[in-house]
Structures are given as C-alpha cells and as structure tokens.
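Reader: I would like to learn how to read a model of this kind. Please take me through it one feature at a time.

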Amino acid sequence: MLCVNEYRTHLCGEVRESDIGKEVRVAGWVENIRDHGGVIFLDLRDQYGVVQVVVHDDNLLKDVHKECALTASGKVVLRDEDTINPKLATGTVEIMADRLQVLGKAPNSLPFEVETSKEVKEDVRLKYRFLDLRNPKVHNNIILRSQVISFLRNKMTELGFLEIQTPILSTSSPEGARDYLIPSRKHHGKFYALPQAPQIFKQLLMVSGFDRYFQIAPCFRDEDARADRSPGEFYQLDFEMAFATQEDVLQIAEEVLYEVFTKFGNKPVSPAPFPRIPYKEAMLRYGTDKPDLRNPLEIVDVSEIFEESTFKPFKGKTVRAINVPGAASQSKGFFEKMEKYAREELGMMGLGYIKVTDEMTYLGPIDKFIPADQKAALAEKANLKPGCVLYFIADEEMAAAKLAGQIRQEVAKRLDLIEKDCFKMCFIVDFPMYEIDEETGKYIFTHNPFSMPQGGLEALNTKDPTEVLAYQYDIVCNGIELSSGAVRNHDLDIMVRAFEIAGYTEETIAEKFGALYNAFKYGAPPHAGMAPGVDRMLMLLTDEENIREVIAFPMNSNAQDLLLGAPTEVTEQQLREVHIRVRNTN
C-alpha cells in the first residue's frame, strides 16, 4: 500500500484516465528527456511503471539529468490523440508539471544507458550494478526471484515443513568443492568454514525429532564459474523428511517444482509423475546424467554388431550410434562442420556416418567398411528409415557415452530439433555409489557420501563396489541439473563400512564427522531429502543464459565483487588478530 507523503501521492505506473483533473505527486528516476522546442517531456520511472511528465518552464529543469531521482507535482491531463503510447499502461495521460524537485542528483554522463545495460560488458555492469538493476529487464528478474522464494516458503509450510535456519559458521567438510575458510581470532591456527550445504545439520535435525525441515539455504563453494553456476554463493530450497523413502521425496519435489514452473513460467511443464530414468540408462540413451528431453534424438549401443569388426576405429571399442531422421538431405557443408566440431571442440579423431537413401541403400565415408550383414543389423537396432543419417562414436565406454551425448546435442541444435517453449523434467535415479579414481586407482564416492547404498550392508560386503547403487537422485530440467538428493545413511555400521571402502578409517569418520557419528548411536530415523537450486530455477523461468542475471549482486566469473571491491586486502592488525601472515608465493 502506498504511503502518501511529500514525495508522492501516486506510483508512476498507476496514473490513469480516472485521475484526469487531479493534482498528483509522483517520484522516480528520469528515464528519458525529450526537448520539443520549448516543451520538455520527461519519462519518469519507478518500480511500478513509467509516466510522462510535461514541463513548460525551463527553470524547473535545474540539475535534471537522466537517472536523477526527483519528485514531480502537477495536474493529470489527457494526452493528444497523436501522442498516445499504447505500450505504456499510463500511455493515454500525462502530468503537466508545475513543480520539480531533484531528490538525488546524477551526472551529465552515465557509464552506460540503463535501458540497454544488458548489451554492456558484464564487468562494467557489475561495477555499476545499482544502475544495471534499474533496467526493467534486470529489475524484474529480482522481483520474480522474491516472488518465487515467497511462493516456495508458503508451499513448503503448506506441506507441513518447518523452516529452520542452520549455522553459517561451520566446519570444513569434504563435499566435493573447496571450502571458504574463516580464521578464528580466539582459537589460534583454527578455522571455520562456510557450509557448502546444510548437509550435516539437516540430518541432525532429523535425529533431533523434527519431521519435516526446509530453508532457503545459502551455500558457499570456492569453485570456478559457469553459465549455470555462480562462484562463491548460491541458494537452494533445502528440505529433509524423517521416516521417508526416495519416492516420498520425489513426489514432494514434483508437486513443488510443477507448481513453481506452472505459476511463474510461460511454458507448459512436464506433467507428474516426471520420468524416473536410471543413471545407466541415461548415460546410454542420452550420453549424460543431465539429459535435455526436448531433444528427440537418442543414442543406441551398437557395440555387439561390431565385435568382430576389422575396421580399426571400431575394433575393440564401445560403439554408440545416433539416428538423425531426415538429415541425409543436408548439404556437404553441414557434415564438414560437424566433423570439424568433433575434431576441434571434442578432440575426436573423426566423426563417421552413413546416409540412408530412399531405396534403403547406404552412402557415406565409412560405408565401405561396414559389411552387408552389419548394415542389416544396424537397420534393425537403430531403426533406420529412408533419409536418415546414422552417426557413429567409438571409444572407451565412458568416453564414448560422453562424446555421443555431446554429438547428440550439437546435431539437434544445428538442425533446430530441440523443442522450444516447454519445460521437460525428469529424475535421474540409481546412481553408482562408487567409481574408481583414474589417478589413484582407489574407490571414491560418485555422489553424496552420506547416501544409503541399495542393499545396505550386505551389498557393501558382497558386491564389487562399482556395482553398488545408491539411493541418490537428481532432478533435471531442459538439460540443467536443478537438484541433487538422497536417502541418507542413518545406520552407523553401514556408514562405517561405506566410508571404509572409500579409504576412511572409523577413527577418521569419528574425527571428521563426529556429530553424525555420535548422533547415529541415539536412534537415528530413516530420512531423505533434496535441494533444488533457486538460482537455476530462476535462470530457466527467465530464459536467461547466465545465472548472474537472476542474482541481485553477483560476483563476476573471476569470483570478484566489482561493486564493493571484494576480495580486498586487510590491515596488518586485522591479520595479527586472526594469527595469519600473508606469504609471497612468487
């Protein structure tokens, strides 16, 4: 509700024809100034819209420049018919100003034009973020962020979850990324860490007897930026449930995310239940555990067909193939560009393919290396039809999967096959518990180390570790991972054995994870949860390609806050207080 005061009686965006004849006051920023020979038109903008202010007295315009803050008083009048602006809600009226007061001066020259700030170099935008945020396109992203977070809070409360805050100053924990460390003044040589996630705390809340917890949790990871990852700080809808199974968590996530994307998006959303795709199947069919289901192309494993092949690139390799319907009619240049992409961008030795003619005969650079019986088997296995192209990717198993996934996405992008204007979601489930570290040859956790193995202690004791699956799951939307989650390991014997396989002794567990280690001795319930990323949700809802567009004050890609100048040097006294000496590494 607007508080009427000396600055304004109306919001800029709410002045209407019903106000004609009224004396009003509005306040905002000068978006534009137009001089029409003795009559000056100001476009005045606040958060709620723009209204035109007409000035006949030049004396009123002292210190008035673009982006200064001012209040304007005058009578509302109907615009001349030829000056009506149908693009504005206030476009049929204007304010005949008899008084202007500059409330906040602005310089004659601005670092950039606010209305085109998204076209400016990002580091300049971030240095003057307070100007950049005045751009309605940027401003509205932050308003949407507020609305989405408010909706999430209300929805989780409606579902019976309690909002509980967990500590920001915590302890270092091996969760897959570098910690941000904070030296202790009172405890010489010791450090706090900013939490990479509230993982341990939310599990302790379940042991403490809380049934359903959530928070909009800040998480801190010292990792490099990507388009869908902000360096430093990000936020997630963190939630956990006691006495819950994997399916309980997935159903909550489905309901919440479906409603968020339906309410705040302008595209149809996958209906629940979202597909549950096992990790192994995802890697085979899509070449990634973050599949974009808007892409209709799928990968097939044709390794068996080429087991006896004498063709050197296929011999002894995992061979994956991608059927691209209708692509046989593409120009020679298309195939040459795909070959160049495979070699230069992916480091492949080449990209073999065959075309299928209308008569179901075959053409292409490797056609002569594929005997007739193998072609017949391919036709059945890959469902070949006239006019299609079959691409081949051959390598070691994991490399072949990844490369095939990249080729699948690139081909679809170049042929404009990816469905637009929709949100397609899926769960990836049944992740492997362990993988072998290529450098050390030892078993390491592939996902969350606090996850429950499928089959429990028996599976850990009897199976090859790489064959053990975990109750771990991700939710993916349009090829972007929105969330990871898991059924947590709540049994101390299972926890000790799981970490033992990864090279941790029980003494190490008791030292590094002492809180959980002790808590699990006191009646820990089965519990499970997940944490959809708020920033990534907003990135998808706004169709932004860069996650920093939906964060009010983000760091740049080099983890610098250009607005405040962080990170900064501190005084010698400050360093002494926390027992730190800066060492020159040159």
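This is a predicted model: local features need pLDDT of at least 70, side-chain atom pairs count only at pLDDT 80 or more; totals for chains, interfaces and linings use all residues.

Reader: How many helices and strands does the protein have?

Author: The protein has 15 helices and 22 strands. Its C-alpha atoms fill a box of roughly 90 × 75 × 55 Å along the principal axes.

Reader: What share of the residues is buried?

Author: Buried means under 20% relative accessible area. In this protein, 48% of the 586 residues are buried. The accessible surface comes to about 30,000 Å², and carbon and sulfur atoms account for 50% of that surface.

Reader: What do the contacts say about separation along the sequence?

Author: Take the contacts between residues at least 6 apart in sequence; of these, 66% join residues at least 24 apart.

Reader: How many positive and negative charges are there, and how far apart are their mean positions?

Author: There are 69 positive and 90 negative charges, and their mean positions are 3 Å apart.

Reader: Now a single element. How many residues of helix 14 are buried?

Author: Helix 14 is mostly covered, with 8 of its 8 residues buried. Among them are Asp535 and Arg536, as well as Val534 and Leu541.

Reader: What is the general rule for phi and for peptide bonds?

Author: Most residues other than glycine have a negative phi, and most peptide bonds are trans. Exceptions to either rule can be looked up one by one.

Reader: Where is methionine 360, and what is its phi?

Author: Methionine 360 is in the loop between strand 14 (352-356) and strand 15 (362-363). Its phi is positive, about 60 degrees, although methionine 360 is not a glycine.

Reader: Why does methionine 360 count as partly exposed?

Author: Partly exposed covers the range between under 20% (buried) and over 50% (exposed). Methionine 360 counts as partly exposed because its relative accessibility is 31%.

Reader: What about aspartate 430: where does it lie, and what is its phi?

Author: Aspartate 430 lies in the loop between strand 17 (425-429) and strand 18 (434-436). Phi is near 60 degrees there, again a positive value in a residue other than glycine. With a relative accessible area of 23%, aspartate 430 is partly exposed.

Reader: Which residues does a cis peptide bond join?

Author: Proline 273 is in the loop between helix 5 (246-264) and strand 11 (276-278). Another joins alanine 566 and proline 567, with omega about -5 degrees. Proline 567 lies in the loop between helix 14 (534-541) and helix 15 (572-577).

Reader: Last, threonine 166. Is it buried or exposed?

Author: Threonine 166 has a relative accessible area of 15%, so it is buried. Its place is in the loop between strand 6 (162-163) and strand 7 (181-183).

Reader: Which residues is threonine 166 in contact with, leaving aside its neighbours within four places in sequence?

Author: Those residues are Pro198, Phe201, Leu205, Tyr213 and Gln215. With glutamine 215 there is also a polar contact, side chain to side chain, at 2.6 Å from threonine 166.

Key: Residues are numbered from 1 along each chain as its sequence is written. Side-chain values use heavy atoms; hydrogens and water are left out. Helices (H or I, at least four residues) and strands (E, at least two) are DSSP runs, numbered from the N terminus. Buried means under 20% relative accessible area, exposed over 50%, partly exposed in between (1.4 Å probe, protein chains only). A polar contact is a pair of N or O atoms within 3.5 Å; within protein, one must be able to donate a hydrogen and the other to accept it, and residues adjacent in sequence count only if both atoms are side-chain atoms. Contact means heavy atoms within 4.5 Å. Accessible areas come from the Shrake-Rupley method with a 1.4 Å probe; for residues, only the protein chains shown count as cover. Lys and Arg count as positive and Asp and Glu as negative; His and the chain ends are not counted. The place of a charge is taken as NZ of Lys, CZ of Arg, CG of Asp or CD of Glu.
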